[in-house]
Amino acid sequence: MKPLPRNLTPRQLGGYVCNTCTRQLGRQRRRYASAPPPTPDIYDVVCVGGGPAGLSLLAALRSSPATANLKVALIESQDLSKTRAFSLPPNQFSNRCSSLTPSSVRFLDKIGAWTHIQRDRVQAYQEMQVWDGITGARIEFDWPAEKQGGTIAYMNENLNLTSGLLKRIGEMGGVEVLDGQKVEDIVLGQATEDVDLSSWPVVQLSGGRKLAARLLVGADGANSPVRTFAGIGSKGWDYERHGVVATIQLDGNGWGGEEVKTAYQRFLPTGPVAMLPLPGSFSTLVWSTTPALAAHLKTLSAKDFIAMVNAAFRLSPVDLAYMHTQAEGQAEEFKWRSQHTDFDTQRIPQLAVGVQEGSVASFPLKLRHADTYIGERVALVGDAAHTIHPLAGQGLNQGQGDVESLAKTIEFAVTHGQDIGVQMSLETYNAERYAANHVLLGICDKLHKLYAIESGPLVPLRSLGLRAVNALAPVKHFFMSQAAGTGAKIL
């Protein structure tokens, strides 16, 4: 046998000696050669992103006896002190609102966060009116007699939710909150004499700290650095549409008063426009339209903007398109045109009479879906995993579903003595959520494209389908149960 050379490096020894012995030789040589690199702070779970998804996950982990002793940390680039102390007068609302299904509310209640949310700023609604802006075909989502008063969803400000989650986390303690800290880099750790972190993600923060994570959770939005680190691709496209949001005051508390609140959505060729109820006479507007029209809407005076909102639910697409060409004067134009247009006032929102100052804003709409939600010691939740068109109001609920599933998966791994970060332990989460989210993403995408068509055979066909569903009560109530998250799971 040929003798070994005297000065082989550990890498060269790999052909002759097992990996464990090779690493040990390397550590011994480094011990004499130089000081070992500083060991980063080690955590069981590090969550990047302090939005609803990330905060809900940490609250869920801390509230479960099985996972309460895990060492966890939150990294958020924004200062969370203002969010924690969120407070507005009763007649002012944030323009970023989301609908929470009863299923999501049950989860928030289970983890102890719902009691910390300002309930007087949350509005349940029991009915929905959805119609085709071209043909007028309509579906009325109202509960059968035995379920009268049932809630389809709850409208709530995103800041109210995150504030309540932060208060719940603060109440329980045990979460190291590193806010105002940006992620500078994420790399794999190193093997030292004391610990082998070569397969662990190490997050380097702008403040200089380094955190090694047994499980790194990306709740860091559509441009997720965690997803990039894990090498997980995503597919999708931009819709070439912007969502215009605003806080609107209506001429009354709704046709059903305080007892029965209704959400309204009209599908226009440029995109759907929705009026969703908030407490009292207030509502939140979500209007999906082209970037050019969105920019124009934001330049209008309050009086003309209100006129455009009223026109969007009442006038024909042709009339509305003409009003979009006006630099100003929409209020007078709407007053004249509405006198010559027939509409059933009881089936559309009450007239908008005011818009909260500074609440008109817009954001681009896109569809994205990650190739997978998991990697070795990495899991993605919320917008880091998927971004959906807002027409169904399901984006935040998808994130809450992700969090509930991931928390359950981590709990199972802990109680069965498994490593919570290895991909095998995370497979259940990916299997449970990926297909369900993919179906919902596809449905919303197809609806957007279907209702963007202005002419041709698909227009009467889609109207026929809408009227058929409206006439078939069991089918309609099935869709309502699915939207509310209370129906049987179809995936």
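Mentor: A cavity is a set of points, on a 1 Å grid over the protein atoms alone, where a 1.4 Å probe fits but cannot get out, and its lining residues have an atom within 4 Å of a point. This is a predicted model, where local features need pLDDT of at least 70 and side-chain atom pairs count only at pLDDT 80 or more, while totals for linings use all residues. Residues are numbered from 1 along each chain, and side-chain values use heavy atoms.

Trainee: Which residues lie nearest the centre of the largest cavity?

Mentor: Leu250, Asn253, Gly254, Thr262 and Pro277 do, out of 21 lining residues.

Trainee: Why is the pair of Phe93 and Phe282 called tilted?

Mentor: Rings of Phe, Tyr and Trp (its six-membered ring) pair if their centres lie within 6.5 Å; planes under 30 degrees apart are stacked, over 60 edge-to-face and the rest tilted. Here the centres are 5.5 Å apart and the planes stand at 50 degrees, so the pair of Phe93 and Phe282 is tilted.

Trainee: What makes Trp114 and Tyr154 an edge-to-face pair?

Mentor: Their centres are 6.1 Å apart, and the angle between their planes is 70 degrees.

Trainee: Why is Trp114 called buried?

Mentor: Buried means under 20% relative accessible area (exposed is over 50%, partly exposed in between; 1.4 Å probe, protein chains only). Trp114 has 5%, so Trp114 is buried.

Trainee: What puts the charged end of Arg96 over the ring of Phe363?

Mentor: The rule asks for NZ of Lys or CZ of Arg within 6 Å of the ring centre and within 35 degrees of the ring normal. The charged end of Arg96 sits over that ring of Phe363, 4.6 Å from its centre.

Notes. On a 1 Å grid over the protein atoms alone, a cavity is a set of points where a 1.4 Å probe fits but cannot get out, and a pocket is an open set with protein on both sides within 12 Å along at least five of seven lines; lining residues have an atom within 4 Å of a point.
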